[in-house]
Amino acid sequence: MSTLTEMNDPFNKQRALSLPSIFSDHMVLQRNKTITVWGLSKQKQVIKVKLKDNNTIIASNTSEIDEQGKWHLTLPAQQAGGPFSLRIKQGSEQIEVNDVLIGDIWLASGQSNMEWKLNWQVDDWQEEVANSLNPNIRFFEIAKQYHAIPPALLRQGQWNIASPETTGEFSAVAWHFAKRYQQHTGIPLAIIDSTWGGTPAEAWTSLEALQYVPGYQDSALDMLENTQQWQQKFSDIEALEQQNQPLNSKHEPTSYKWKPGVLFNGMIHPLIHFPINGVIWYQGENNVGANAIYSDLFKALIKDWRAQWQTPDLPFLFVQLASYLQQKNHVQNSDWARLREAQASALTLPYTGMAVTIDIGDANDIHPRNKAEVGERLWRIAQHMVLQENVSYSGPVMQQVQPQKIAGKNVLVVSYKHIDGGLQVKGDQLAGFAIASTDGKFVHAQATIQDNKVIVSAPKIKQPVSLRYGWADNSPANLYNLAGLPALPFCYIQED
């Protein structure tokens, strides 16, 4: 006789009916968006789904099974609340998902700085974990997997409720974001963690999108050709999934998780029918060496995910890389600075926001431990963009650079937006500025704040025309607004 656990296990091999693992106890559904439920079945009987509040049915629908054994249906959008139950029935088989909340869901993705967990010794992690009990914050971690072809269903993972027993294993950045979000709104807040350290952005982008991205077209087309040949070998979904493991064969390098599209296939595509409220993203370290083509790649990734979720206004909030490596006495021509600039270029897309972290890096560790401030800055952007609240969410952003003569000296005057009451320096004097004349050779500059503008000059530069701020692997940049948010690094080159 089967136990209750076996009967409710959506992946019990004896069952005909199966669901993605994200449909399991303690799950969260996105409020105010149509709910989609889907799965596989070995039988042709109609699928019946009911969303219940105790014994009251608040939504229901049915679905037929297609020739490949797939099914899907939708339920009307619901307001925040719960707990509810979700009942999926086919003939005599039934799966019941309990303790279902409806609230806001955010996808946290990227590489190791987003993956980094609270109990991996981030700042003040023990106090955070000890005080983390909150049944209205829930996390679902996607198992690390890379595939040539997207699997039919997400088959691993479970929901965890925030508590001292579980929170240590949560993404630290995502936890600090979630905590502030839930405490402020009072509604259930869920994080889907889909991260993998040491991975580049092209692995998280679909091959269909990459074939139009300069620098990735050939590799994407090669991968597409290989996967099409693979798919033609297997017409049955289960047979295809069983064989969808060419990634660890002797013919492939151990770094296959870096290949174009494979993380998208394994860790993003299985989620695209699951409505979310937005994305928080922290990645870029593994693309520093390819910074010249990262701008097109990153913008393509954002557009790709929005197209996959069929949500063109999906909020996409991301973290600009923190300072790293030792500070240099000379002015650098920095690949890290170029990557940050490429990241910032994505702000030209609507519904994007960037958390600047150049001031909270670690010269000796690519994984700075101050994750609380990162989560706080992402939350401020969400508060402004998603909740549409009037809050300070950005540090000063360069608006204009003008050459002027002050007290007989040629200087550059920088105007900013997002000064939020004024500019301030943290420290004895402004740092992180460099200027150049027409020869393009930058030198460290002196900078002062006057009337909420920055005046920049250098004794060696008689006719300055170009200006950089925070342009280094690890910059001493220390300009902030009165809201305490750091200024965005930039490079201004005067056009001919």
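What follows is a set of questions and answers about this predicted model.

Q: Why is L321 called buried?
A: Buried means under 20% relative accessible area. L321 comes in at 1%, so it counts as buried.

Q: Where does L321 sit, and what is it in contact with?
A: L321 is in the loop between β13 (316–319) and α10 (335–344). Contact means heavy atoms within 4.5 Å. Leaving aside neighbours within four places in sequence, the residues in contact with L321 include Y282, W336, L339, R340 and I358.

Q: What makes S345 count as buried?
A: The cut-off is under 20%, and S345 has a relative accessibility of 18%, so buried is the label it gets. S345 lies in the loop between α10 and β14 (352–355). Beyond its neighbours within four places in sequence, S345 is in contact with S295 and K299.

Q: What makes the S345 and A342 pair a polar contact?
A: A pair of N or O atoms has to be within 3.5 Å. Here the backbone oxygen of A342 is 2.5 Å from a polar atom of the S345 side chain.

Q: How do you know that the length of helix α4 agrees with what its residues should span?
A: Helix α4 (residues 172–185) has 14 residues, which at 1.5 Å a residue should span 20 Å. The C-alpha atoms at its ends are 20 Å apart, so the two agree.

Q: Why is α4 described as mostly covered?
A: Ten of the 14 residues in α4 are buried. Among them are A172, W175, F177 and Y181.

Q: What is found at the start of α4, and what follows the helix?
A: At the start of α4, a side-chain oxygen of S171 comes within 3.2 Å of the backbone nitrogen of A174. After α4 comes G186, with a positive phi near 80 degrees.

Q: How many aromatic pairs are there in the whole structure?
A: A search turns up 23.

Q: Why is the pair W106 and F177 called edge-to-face?
A: Ring centres must lie within 6.5 Å to pair, and planes over 60 degrees apart count as edge-to-face. The centres of the W106 and F177 rings are 5.2 Å apart and their planes are at 70 degrees, so edge-to-face it is. This pair links distant parts of the chain: W106 is in strand β8 (residues 93–110) and F177 in helix α4, 71 residues apart. W106 has a relative accessible area of 0%, so it is buried.

Q: Why is the pair W305 and W309 called tilted?
A: Planes under 30 degrees apart would be stacked and over 60 edge-to-face, with the rest tilted. The W305 and W309 planes are at 55 degrees, with centres 6.3 Å apart, so the pair is tilted. Both W305 and W309 are buried. Ring pairs also link them into a cluster with others, including W204, W281 and F316.

Q: What makes K426 a charge over a ring?
A: One requirement is a distance within 6 Å of the ring centre, and the charge must also be within 35 degrees of the ring normal. The charged end of K426 sits over the ring of Y480, 4.1 Å from its centre. Likewise, the charged end of R468 sits over the ring of F442, 4.0 Å from its centre.

Q: Why are β19 and β24 called edge strands?
A: The open sheet has four strands in the order β19-β18-β22-β24, paired antiparallel. β19 (443–444) and β24 (490–492) each pair on one side only.

Q: How do you know that β18 and β22 pair?
A: Pairing takes at least two bridges, and four join strand β18 (residues 433–436) to strand β22 (residues 466–469). In β22, A436 has S466 as its bridge partner, and I435 has L467.

Q: What makes both faces of β18 covered?
A: F433 and I435 on one side and A434 and A436 on the other are all buried.

Key:
Residues numbered from 1 in each chain as written. Heavy atoms only, no water. Helix = DSSP H or I, 4+ residues; strand = E, 2+ residues; numbered from the N terminus. Buried < 20%, exposed > 50% of the residue type's maximum accessible area, 1.4 Å probe, protein only. Expected span 1.5 Å × (residues − 1). Polar contact = N/O pair within 3.5 Å; in protein donor to acceptor, adjacent residues only side chain to side chain. Phe/Tyr/Trp six-rings, centres within 6.5 Å; stacked < 30°, edge-to-face > 60°.
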